[in-house]
Amino acid sequence: AGRRLDAGDRTGRSIVCAGGRSRSVATTTMFGSAARLAARRAVVAQRGFHGSAARRFAADNVAEAGATKVSLNLSAPTRSIFDGEKVDLVNIPGMTGEYGVAADHAPTVSELKPGLVQVYKTEGSEPESYFVPAGIAVTHPDSSTDIAAADIAKMDELDLGAAQSALAEAKKSLDAASEGSKEHAVAQIEVDVLEAVCGALGASV
């Protein structure tokens, strides 16, 4: 069978995972980092990053045949998860749609939307899943793939109850902010990230 493509608290308190352990990764850092990218994301979209720039990159870089694995680099400013590790497949939450990268994938540049990066180390294995709020993914002609995220959280570092509570507060901030203002943009990105966290944890929003 073929491989399938699977798809904080804003006040500064740590989001606490099951078992009561405080996780510094899933704190305001993750959501704040994503919020600060709101204006940058709008500028990138206006410049047609996903259209003309991505097409030019693909046209200028023909995939190099012969790769059997993906050399994966997955990191954020606060931590590195993979550093050149050879994996079979990585599913990436691209801004224009989720996609999978395997050996001999065409060169690609994509901005990341909030969601899960899923890494299959070997064919048929269970994926390792990591939540990212924003970032950039670049697949090179030799199939090596760099994913630079604003932050990264393992699934057991996220707490559904805390995320739902933070989402409710973010929605209040969004409703209170004037459309087109910086505050509205920040609140919108917080809502987007927190909704994605809830979805990744299996909750409907």
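Helices (H or I, at least four residues) and strands (E, at least two) are taken as DSSP runs, numbered from the N terminus. The model is predicted: local features need pLDDT of at least 70, side-chain atom pairs count only at pLDDT 80 or more, and totals for chains, interfaces and linings use all residues. Residues are numbered from 1 along each chain as its sequence is written, and side-chain values use heavy atoms, with hydrogens and water left out.

The protein contains 5 helices and 12 strands. Burial is classed by relative accessible area: buried is under 20%, exposed is over 50%, and partly exposed lies in between (1.4 Å probe, protein chains only). Of the 205 residues in the protein, 45% are buried. The exposed surface comes to about 10000 Å², and carbon and sulfur atoms supply 50% of it. Accessible areas come from the Shrake-Rupley method with a 1.4 Å probe; for residues, only the protein chains shown count as cover.

Helix α5 covers residues 182–200. The expected span of a helix is 1.5 Å times one less than its number of residues. For the 19 residues of α5 this gives 27 Å, and the end C-alpha atoms are 27 Å apart, which agrees. The helix has buried residues along its length, among them H184, A187, E190, L194 and C198. Just after α5, G202 takes a positive phi of about 90°.

Most residues other than glycine have a negative phi. D104 lies in the loop between β6 and β7 (108–112). Its relative accessibility is 38%, so D104 counts as partly exposed. S143 lies in the loop between β10 (135–139) and β11 (145–149). S143 is buried, with a relative accessible area of 0%.

Strand β5 (residues 89–94) is mostly covered, with 6 of its 6 residues buried. In a regular strand the side chains alternate between the two faces of the sheet. Both faces of β5 are covered. L89, N91 and P93 are buried on one side, and V90, I92 and G94 on the other. Strands count as paired if DSSP finds at least two bridges between them. β5 pairs with β8 in the antiparallel sense over 3 bridges. β5 is also joined to strand β6 (residues 97–101) by 5 bridges, again antiparallel. V90 stands opposite V119 in β8 and opposite V101 in β6. The β5 and β6 strands form a hairpin, with 2 residues between them.

Aromatic pairing was searched over the whole structure, and 1 pair was found. Rings of Phe, Tyr and Trp (its six-membered ring) pair if their centres lie within 6.5 Å; planes under 30 degrees apart count as stacked, over 60 as edge-to-face and the rest as tilted. F82 and Y130 form the pair, which is edge-to-face, at 5.9 Å centre to centre and 90° between the planes. F82 lies in strand β4 (residues 79–87) and Y130 in strand β9 (residues 128–132), so the pair ties together parts that are 48 residues apart in sequence.

Side chains of opposite charge can pair when their charged atoms come close. A salt bridge is a side-chain nitrogen of Lys or Arg within 4 Å of a carboxyl oxygen of Asp or Glu. The count by this rule is 5 salt bridges. One of them joins K121 to E85, with the closest N and O atoms 3.4 Å apart. K121 lies in the loop between β8 (115–120) and β9, and E85 in strand β4, so this pair ties together parts that are 36 residues apart in sequence. K121 is partly exposed at 32% relative accessible area, as is E85 at 29%. E128 also bridges to K121, with the closest N and O atoms 3.2 Å apart. E128 is partly exposed, at 27%.

A further salt bridge links K172 and E169, at 3.7 Å between the closest N and O atoms. Both residues lie in helix α4 (residues 160–176), 3 residues apart, about one turn of the helix. K172 is exposed, with a relative accessible area of 55%, whereas E169 is partly exposed, at 37%. Elsewhere, salt bridges that share partners join E85, K121 and E128 into one network.
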